[in-house]
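Open the structure in your viewer and keep the selection tool handy.

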Amino acid sequence: MASEWAPPPAPYVILTFDDGPHPKYTAQILSILRSYGAKATFFQIGQNVARYPYLTRRAHLYGNSVQNHTWSHPNLRNVSWSTFRSQVLNTDSRIRAQTGYTPRCLRPPYGAVNSLVYRRAAGLGKTVRLWTIDTGDWSRPGTSVIVRRVLNGARSGSVILMHDGGGDRSQTVAALPTILKTLTARGYLFYPTWCR
Ligand SMILES: [Zn+2]
């Protein structure tokens, strides 16, 4: 059942990975996270979960949180209520089949929100969760740029946006070990989720 989320007592950040699962990059990211004892939130696309359900399951089994990023990544400001509803609920059921729980959080594609999106999300029992640090990794700015954006921006409670699907994410994968190493050395925990 729902309970209020309380942040952990130490400085923490929440890493989030959108647009997966992807057979190459999600698997790599899960291994790296695991090797550093770090956890993250994966906002997954339902149609990708349908193709690679074992990666949704693995993300969950490794202690990460899997949450809802719609079925096919539409701009939710531009869809009918019936489309909104099926985009969210069909994704819920695919994730639930692999994790045993129904996602409580929705990240609208492109961060595209308005009052109607918030109201519709709430009507389906979802909390909308965006981010505080955008790495811009989707545009492939270079591994060092991704690392720098995270390390310069990180504060306790930061929510960091990265991507494990939707294109070539090798820069994101390459950036992750330095991010994990450096923030760990600064005393940060990698809290799995704020979706409760
Ligand atoms: Zn996305």
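**First stop: helix α1**

Select helix α1, residues 25-35, and colour Y25, T26, I29, L30 and L33, which are buried. Keep in mind that what you see is a predicted model. Which side of α1 do these residues take? They lie on the same side of α1, because they cover an arc of only 130 degrees around the axis.

Then step just past the end of α1 to G37, where phi is positive, about 65 degrees.

Go back to the loop between β1 and α1, where you will find P21. Zoom in on the bond that joins G20 to P21: this peptide bond is cis, with omega about 0 degrees. For context, most peptide bonds are trans.

**Two crossing helices**

Next, show α3 together with helix α4, residues 81-99; their axes come within 8 Å and cross at roughly 60 degrees. That angle is why α3 counts as oblique to α4. The crossing of α3 past α4 is right-handed. To see the contact itself, select P53, T56, R57 and H60 on α3, then I95, Q98 and T99 on α4.

**Two loops with a positive phi**

Most residues other than glycine have a negative phi. Select T70, in the loop between β3 (65-68) and α4; its phi is positive, near 75 degrees. Is T70 buried or exposed? T70 has 25 C-beta neighbours inside 10 Å, so it counts as buried.

Then move to R140, in the loop between β6 (133-134) and α6 (143-153). R140 is not a glycine either, yet its phi is positive at about 50 degrees. R140 is partly exposed, because 15 other C-beta atoms lie within 10 Å.

Pick T184 in helix α7. T184 counts as partly exposed because it has 14 C-beta neighbours inside 10 Å.

Finally, select residues 11-191, which an unreviewed UniProt entry annotates as "domain: NodB homology". Over this range the chain is 45% helix and 16% strand, and the C-alpha atoms at its ends are 10 Å apart.

Key. Residues numbered from 1 in each chain as written. Predicted model: local features only at pLDDT ≥ 70, side-chain atom pairs only at ≥ 80, totals over all residues. Buried ≥ 20, exposed ≤ 12 C-beta atoms within 10 Å, placed from the backbone. Helix = DSSP H or I, 4+ residues; strand = E, 2+ residues; numbered from the N terminus. Arc of directions from axis to C-beta. UniProt positions renumbered as here; feature names shortened; annotations may be inferred. Axes fitted to C-alpha atoms, helices over the stretch in contact; angles between N-to-C directions. Parallel < 35°, antiparallel > 145°, perpendicular 65-115°, else oblique. Left-handed = near helix turned anticlockwise from the far one by under 90°. Contact = placed C-beta atoms within 7 Å.
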